[in-house]
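Here is a note for a colleague who is opening this structure for the first time. Please keep the sequence and the model in view while reading.

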Amino acid sequence: RMTENLKHNQYQPQSLEKQVLIIFSGAQGLLDSLPLYQIKAFEEELYPYIEDKAPELLQSIKETKTISEEVGKTLKQKIADFKELFIERYKA
């Protein structure tokens, strides 16, 4: 899953904060229950979700280059919330 996580399309680099976001998702085990073929779609849909629902988290990562305990806790919850929506949408 981490390997799938790290694959990106040529000439489409990701910002540092987005790279941290998806690596954090994998490192926290939040992708473990997803089939490999859904990892890329999850990643592509996660970015706009977090940008919309919690842009301050990405801004904090960008500015501090770290994930504080508070940011990590909130980030984990937001990713879990998104994952529930993602699973529901792709259930059928």
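Predicted model: local features only at pLDDT ≥ 70, side-chain atom pairs only at ≥ 80, totals over all residues.

1. Residues are numbered from 1 along each chain as its sequence is written, and side-chain values use heavy atoms, with hydrogens and water left out.

2. The largest nonpolar core has 21 residues; such a core is a set of buried Ala, Val, Leu, Ile, Met, Phe, Trp, Tyr and Cys residues joined through side-chain atoms within 4.5 Å, where buried means under 20% relative accessible area, exposed over 50% and partly exposed in between (1.4 Å probe, protein chains only). Those with the most contacts inside this core are Leu 21, Phe 42, Leu 46, Leu 75 and Ile 79. At least two core residues come from each of helix 2 (16-27), helix 3 (39-53), helix 4 (55-64) and helix 5 (69-89), and helix 3 gives the most, with six residues. Helices are DSSP runs (H or I, at least four residues), numbered from the N terminus.

3. Leu 46 deserves a separate look. Once its neighbours within four places in sequence are left aside, Leu 46 is in contact (heavy atoms within 4.5 Å) with Leu 21, Ile 22, Ser 25, Ile 79 and Phe 82.

4. Helix 2 and helix 3 pack at an angle of about 115°, with their axes 11 Å apart; axes are lines fitted to C-alpha atoms, for helices over the stretch in contact, and angles run from 0 to 180 degrees between N-to-C directions. On the helix 2 side the contact is made by Lys 18, Leu 21, Ile 22 and Ser 25, and on the helix 3 side by Glu 43, Leu 46, Tyr 47, Ile 50 and Glu 51.

5. The axes of helix 2 and helix 4 come within 9 Å and cross at roughly 110°, which makes helix 2 roughly perpendicular to helix 4 (a term for angles of 65 to 115 degrees). Glu 17, Val 20 and Leu 21 of helix 2 meet Leu 58, Ile 61 and Lys 62 of helix 4 in this contact.

6. Where does Lys 65 lie? Lys 65 is in the loop between helix 4 and helix 5, and its phi is near 60°, a positive value in a residue other than glycine. Lys 65 is exposed, with a relative accessible area of 59%.

Conventions:
Parallel < 35°, antiparallel > 145°, perpendicular 65-115°, else oblique.
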